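These are my notebook entries on one protein structure. I set out to look up its pocket, its salt bridges and a patch on its surface.

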Amino acid sequence: MIPDFTFERAAHARGYARVAGVDEVGRGPLAGPVTAAAVVLDPSRIPDGLNDSKKLTKRGRERLYQVILSVADASVAHASVEEIEELNILRASHLAMVRALEGLKTPADYALIDGNMIPNGLSIASEAIIKGDARSQSISAASIMAKICRDCVMLSLAQQHPGYGWETNMGYGSKSHIEALGKIGVTPHHRRLFKPVYNILYQDK
């Protein structure tokens, strides 16, 4: 499956002028924020090679990230670890999506949301698209933006908190990350309600 512009064209045909693709990354990790991006592509300047960020190489993502920045209106936003713990990870990811849409230089009037749910608090017309990052070029572009930006956050946090392997596992619960939790302990950037972290915090209580 290769993403195309079908969903965007259909929205344009219904009278919507600025159609944003929206995606998030970072629901599963044990540490770090959840990150979302919104991208409004110019139909006449769609980058070649857009696809679900997970299907691209690191170099491919980085190349497309720069191209998207140069030809599209793109915005990235986060929800913090504290917000994840307060709201739960699903609602926090939706909060990040709403923030990403609000950060566009020119507001979108329609949103294509990756997944099967429309975020609460969304003030524009929208539709949810299951596996949207593999079906819609705008959502694909958003998945690339979100992935690159969250990886940068985790690389920065890895320098501040060495030993957890965040520079390679990006906060996901790899074997080495979980072992480091047991040896080094929990940082302020860990999601304390996620089971492996919770178990370490409260195993002796």
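The entries below follow the order in which I looked things up.

**Entry on the model.** I note that this is a predicted model, in which local features need pLDDT of at least 70 and side-chain atom pairs count only at pLDDT 80 or more, while totals for chains, interfaces and linings use all residues. Residues are numbered from 1 along each chain as its sequence is written, and side-chain values use heavy atoms, with hydrogens and water left out.

I looked up the largest pocket and found a volume of about 290 Å³. On a 1 Å grid over the protein atoms alone, a pocket is an open set of points where a 1.4 Å probe fits, with protein on both sides within 12 Å along at least five of seven lines; lining residues have an atom within 4 Å of a point. The volume is the space filled by probe spheres set on the points, which are joined across faces, edges and corners. Of the 17 lining residues, Glu24, Val25, Gly26, Lys54 and Tyr172 are the closest to the centre of the pocket. Helix H5 (137-160) and strand S1 (19-25) each supply at least two lining residues, and H5 gives the largest share, four residues. Helices (H or I, at least four residues) and strands (E, at least two) are DSSP runs, numbered from the N terminus.

**Entry on salt bridges.** I searched the whole structure and recorded eight salt bridges. Each is a side-chain nitrogen of Lys or Arg within 4 Å of a carboxyl oxygen of Asp or Glu. Arginine 18 pairs with aspartate 73, their closest N and O atoms being 2.6 Å apart. This pair links distant parts of the chain, 55 residues apart: arginine 18 lies in the loop between helix H1 (6-13) and S1, and aspartate 73 in strand S3 (residues 73-79).

Glutamate 24 meets arginine 27 in a salt bridge (3.1 Å, N to O), and lysine 54 meets aspartate 52 in another (3.2 Å, N to O). Asp52, Lys54 and Asp133 are linked in a network of salt bridges.

Is lysine 54 buried or exposed? I found lysine 54 exposed, because its relative accessible area is 63%, whereas aspartate 52 is buried at 6%. The cut-offs are under 20% relative accessible area for buried, over 50% for exposed, and in between for partly exposed (1.4 Å probe, protein chains only). Glutamate 24 is buried at 16%, and arginine 27 is partly exposed at 32%.
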